[in-house]
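Here is a short report for a reader new to this structure. Please look over the sequence and the model, then read on.

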Amino acid sequence: MIYTIGYIYSTFFYLLFFRHVKSKNLYYLASLVPIIIVLIRGFTGVDTVSYIYIFDQISAGYDANVEVGFYWLTRFMLTFTSDGLLILKVYAVVMFYFFATFFGKTPERASVYILLVMPLFFYDMYMNGIRYGLAYSIALVAYDQKLKSNNLLFVFFAILAFSFHVSSLIFLGLLFANYLKYLNLKSVTAITLLVGLFIYFFRDRVIVKLAQYSDIGSPEPLSGLMPLIIFLAVLLLVFVSAKKQPSFLLVFVLCVAELCAFVLSRYTYMGMRIQFIVILAFFCKLPEIILFKKQAIVLMLFISLLCFAGRYRNMVNEYGVGPSPFLPYQYYWDVSPSNINFI
């Protein structure tokens, strides 16, 4: 119920004020209830207890098999507090700020964030996939720096994003898919060199990450169908609201990536994860390729409901499963060390 309240609040706030509030203020105010839900939680969110266990490992001097950026940031945070829940909430605030620098810049980006990104990704990134949430928020900052031709800052933030989660490399690649037509030998060489260096220096972690995902089988026979339906709905949105000169190359690359990931999801969870990366990239590119007229907003509201329904269905299906499920929701004042179960 608490997640439904957050969704209803954000949607109605957007509908009432999106023409009257500056985009950055719209971002923060529409996110107010959801971010409070994140910050007052106890052992809630599928990987919350897993992260606390990772923090304990790092505190004890173990590597914990996480990306190097997340590892060193956690070591830094552990010098101030050993409270794992508090550290996770600090990370949520950092992520919230980085997303604001991207989605709070224009009314179109704020609209995409509130109506599409939040229903599908907000609770998952802020209360579950903290590492990839941080990585993707930083990757969006890198993307904006490249649009401004700040190449050094782009490289810095791209490497930083990669150091938090290796999948940010896929995310960044999809964001720049429509620039493939501008590639020349020099650009291809530079990209290949950078990717090669990333993989070389982080090869052990990349191998571990691939092994982790490949070992997780497809959760159920219909796994991957929900993100595919959402992707097709966004494709319809582009079809009916595209600008006069839409990026057909971008849409083509995203379609191919989504279909390949859907096929992969029949066999491994990795495919489903890639599906959601493709959808997030598609969401982020919408301000560049569609006109935000009435018909687009109406269709986005439909997709918004579809996204939230799909995410909430997953929460309900996993009710009480694991040491820190999304449901039942637990407040931080109900937390007791005896509640933690790492098994």
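## A term to start with

A residue counts as buried when its relative accessible area is under 20%, and as exposed when that value is over 50%. Anything in between is partly exposed. By that rule, Y27 and Y113 are both buried. The model is predicted.

## The chain as a whole

The protein chain has 16 helices and 0 strands. It has 343 residues, and 51% of them count as buried. The accessible surface comes to about 16400 Å². Carbon and sulfur atoms hold 69% of that surface.

Contacts reach across the sequence.

## Aromatic pairs

A pair of aromatic rings is described by the distance of the centres and the angle of the planes. The chain has 40 aromatic pairs. One of them is formed by Y27 and Y113. Their centres are 4.6 Å apart and their planes stand at 40°, a tilted arrangement. Y27 lies in helix α2 (residues 23-30) and Y113 lies in helix α7 (residues 107-127), so the pair ties together parts that are 86 residues apart in sequence.

Y28 and F96 form an edge-to-face pair, because their planes are at 70°, over the cut-off of 60 degrees. The ring centres are 5.5 Å apart. Y28 belongs to helix α2 and F96 to helix α6 (residues 84-103), so this pair ties together parts 68 residues apart in sequence. Are the two residues buried or partly exposed? Y28 has 31% relative accessibility and counts as partly exposed. F96, at 10%, counts as buried.

## Charges over rings

Two arginines sit over aromatic faces. R109 lies over the face of F102, at 3.8 Å from the ring centre. R311 lies over the face of F276, at 5.4 Å from the ring centre.

## The nonpolar core

The largest nonpolar core has 111 residues. Y3, F103, Y113, Y126, F171, F283 and L286 have the most contacts inside it. Helix α7 gives the most to this core, with 15 residues.

What does L286 touch, leaving out residues up to four places away in sequence? The list is V112, L116, V234, L237, V238 and F292.

## Helix α13

Helix α13 (residues 225-241) has 17 residues. From first C-alpha to last, α13 reaches 24 Å, close to the 24 Å expected at 1.5 Å a residue. Its buried residues include M226, L228, F231, V234, L237 and V238. P227 and S241 are buried in α13 too.

An α-helix has 3.6 residues a turn, so residues three or four places apart point the same way. The cover over the buried residues of α13 includes α7, α14 (248-265), α15 (269-289) and α16 (294-317).

## The loop between α9 and α10

Two residues stand out for a look here. S167 lies in the loop between α9 (151-164) and α10 (168-175). S167 is buried, because its relative accessible area of 8% is under 20%. Beyond its neighbours within four places in sequence, S167 is in contact with Y132, Y136 and I277.

H165 has its place in the loop between α9 and α10. At 1% relative accessibility, H165 counts as buried. H165 and I130 are 35 residues apart along the chain, and their C-alpha atoms are separated by 9.6 Å.

Methods
Residues numbered from 1 in each chain as written. Predicted model: local features only at pLDDT ≥ 70, side-chain atom pairs only at ≥ 80, totals over all residues. Heavy atoms only, no water. Helix = DSSP H or I, 4+ residues; strand = E, 2+ residues; numbered from the N terminus. Buried < 20%, exposed > 50% of the residue type's maximum accessible area, 1.4 Å probe, protein only. Areas by Shrake-Rupley, 256 points an atom, 1.4 Å probe, with all protein chains shown as cover. Contact = heavy atoms within 4.5 Å. Phe/Tyr/Trp six-rings, centres within 6.5 Å; stacked < 30°, edge-to-face > 60°. Lys NZ or Arg CZ within 6 Å of the ring centre and 35° of its normal. Expected span 1.5 Å × (residues − 1). Core = buried A, V, L, I, M, F, W, Y, C linked by side-chain atoms within 4.5 Å.
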